[in-house]
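Hi,

Here is the structure I said I would pass on.

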Amino acid sequence: MKSTHLSLIAGAAALAAITGFASLTAPQGAATTEAKAAASLPVERSSLVCPAPSTSDLAETRYTSFTPPGKDAGKGAEGEKGTAELKPALPVLDEDDPDSKKAEEAAKKAREKADKPVLAVKEPGKPVTAEADGSAAPALVGTATGTLAPGWAAQQTTTVTAGGARGLLGVSCTAPDTDFWFPGVSTARSRQDYVHLTNPDDSAAVADIELFGPKGPVTSEVGDGITVPGRSSVALLLSTLTDEAVNDLTAHITTRSGRIGAVVLTADDGSGTDWLTAAADPAGTLIMPGIPADATSVQLVAYAPGESDADVKVQLMGKNTTFAPAGNDTLHIKSGMTATVDLKDITRGEPGSLRLTPVEKSRATPIVAALRVVRGTGEKQEYAYIPATGPVGARSTVTDNRAKGSTLSLAAPGADAEVKVTTSAGSEGGEAAVETYKVKAGTTMAVTPKPPAGLKGTYALTVETVSGGPVHASRSLVLPEDGVQMFTVQTLPDDGGTVLVPSAQQDLSVLDD
C-alpha cells in the first residue's frame, strides 16, 4: 500500500488557502516526510461587510471595490478567475409592526434586490464604483473567490453637507470576526453613537456588548444576547444600553455564536460625524499612524483589559524624530478602566504618528487605544478617528482615492524601512504607477500620492513592505465643503491575502509498492 502522507499535506494546504487556516499532524512513525519551511499561498476566499452608510436623507455615498493584481492573475484554484461581489444585506423585520403584510412585501422586494450585486470586481487591478443617495442605502455583505480574493478591499465614503450629521464619513469594509475593541465611544448627551453589527452568513449570530468607563464597567442590562439575523445588519444606539451618560468609554463586542462585522458610527453635536473602526488587538506596544499636520486637537483614549494596570510612554513620531509631548510623556491606565489624555495640537504643523510603549519592558501590559483628531475650530471643525493598527506587512490596500485630497502616512516605529506604493488604474481610465519610499526609523512620512496618468474616476493605493522594519500606515481623505476641511482616516493593516501552509519533502526510498 502506498503512503498517503503527501495527499494529507496537499489537502491541508488547499484548506489553508481557502479558509486562511489549516492544521497538519503527521502520523506516528512518519519517517517518510520531513517538514520544510512553510510556503506562502494566496487565499482563495475572502469575506467583507459594510455597514448602512447613513441615516441622513442628504447623504451621498460612493462604494468602491478593488483587488490588487497578483502573480497568478486570472488563474483561480480550478483555473477560474472567481468573483468578488458585494450585495445588499437583508432587512430585519419588526415583529411588532402592526402593518406586518406591508413589511413582508417590503422584505420580499429586498430579498430580490439582495440577489443583485451592488459592486462586482471584474478583474484584478481595476477598481469598480457604485453610488447611493439618502438614508435608504443598505449595508452590504459579500464574498470574493479565486484570484479576486487575495487582498480584496472595499470602502464606502459618505458626504453629508448639512444638518447635525454634517461631515465626511469613510470606512473600509471589514472582514467578519468574533472579537472587537472600540476605545473612544460615548453615551454622553451630545453624542449619538450607533454600533452597526453585520452578519455575512446564512445563520444568525449572537453578540454581547460590554462598556467600560473611567471608573470601570458600566451597568447595562440589554447589551447581552443581541441577535443578528443571517445576511442582515442591526444598528444599536449605545446610550440606550445604559442609564449612565459617560463621555469616554471603551466598548468590547464579542460573539457567542457566528461571526459579524462591527463598526461604530459616531456623531457629535456641532463637531461632525465619522466611523470608528475596531482597534488592533490588545498589545504592549501600539501605533496610531497619520495625525494631520494641521490637527487642532488630539485626544488619546486607552483601556487595559487585563488584571494589571498599565504604564506606558507616550511618544510622537514626527517628520524627523521621535519625542515625548510636554507634560504627557507617560500615562497610567488602571485595569478595567478607560483613560483619556488631551494632547491638544501635538503635531504643531508637522505630520506625526503616536506610539505607546511600556515604561518597563518587562511589564508590557496589553492595552487597546484610539485617537480622536480634530481639524478646524468652532463651526468649521471636523473630526475623525485613528485606532491603533497593525503593520502593513506583506501588503495592504485602501480604495476611493480622488484626483485631490489623499495623503498617505507611513510610520516606521522600529527600524528604517522601504515600501512600494502602487496607484492603480482609475475606475474609468488611467494607467497604474509605482513609487518606492524609504522611511527613517522613529519618523512619519506624509506622502501625497501621484494620481495615475490619465485618471478618470477613483483609484486604489496599495502599500507593500520591501525591506527593513515594520511600517504602519493610514490614508487621510479630505473633501473641503464651505470652508470646512471635512476629512476621514482609514488605517492599512496587512490584508491577509496570503496564508502560510506547511510543505514537505518525501523520501521515495521507503514507499511501499
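**Rings and cores**

Arg-372 sits over the face of Tyr-383, 4.0 Å from the ring centre (the rule: NZ of Lys or CZ of Arg within 6 Å of the ring centre and within 35 degrees of the ring normal). Arg-375 does likewise over Phe-487, at 5.0 Å from the ring centre.

Before going on: this is a predicted model, with local features needing pLDDT of at least 70 and side-chain atom pairs pLDDT 80 or more, while totals for chains, interfaces and linings use all residues. Numbering runs from 1 along each chain as its sequence is written, and side-chain values use heavy atoms, leaving out hydrogens and water.

Now the aromatic pairs. Rings of Phe, Tyr and Trp (its six-membered ring) pair if their centres lie within 6.5 Å; planes under 30 degrees apart are stacked, over 60 edge-to-face, the rest tilted. That gives 4 aromatic pairs. Phe-180 and Phe-182 are stacked, at 6.5 Å centre to centre and 20 degrees between the planes. Tyr-383 and Tyr-385 are edge-to-face, because their planes stand at 85 degrees, with the centres 5.6 Å apart. Both tyrosines are buried (under 20% relative accessible area, 1.4 Å probe, protein chains only). Trp-181, Phe-212 and Tyr-303 make up one aromatic cluster.

Last, the cores: sets of buried Ala, Val, Leu, Ile, Met, Phe, Trp, Tyr and Cys joined through side-chain atoms within 4.5 Å. The largest has 30 residues, and Met-288, Leu-300 and Leu-354 have the most contacts inside it. Another core, of 26 residues, lies apart from it and includes Leu-197 and Leu-238.

Cheers

Key. Buried means under 20% relative accessible area, exposed over 50%, partly exposed in between (1.4 Å probe, protein chains only).
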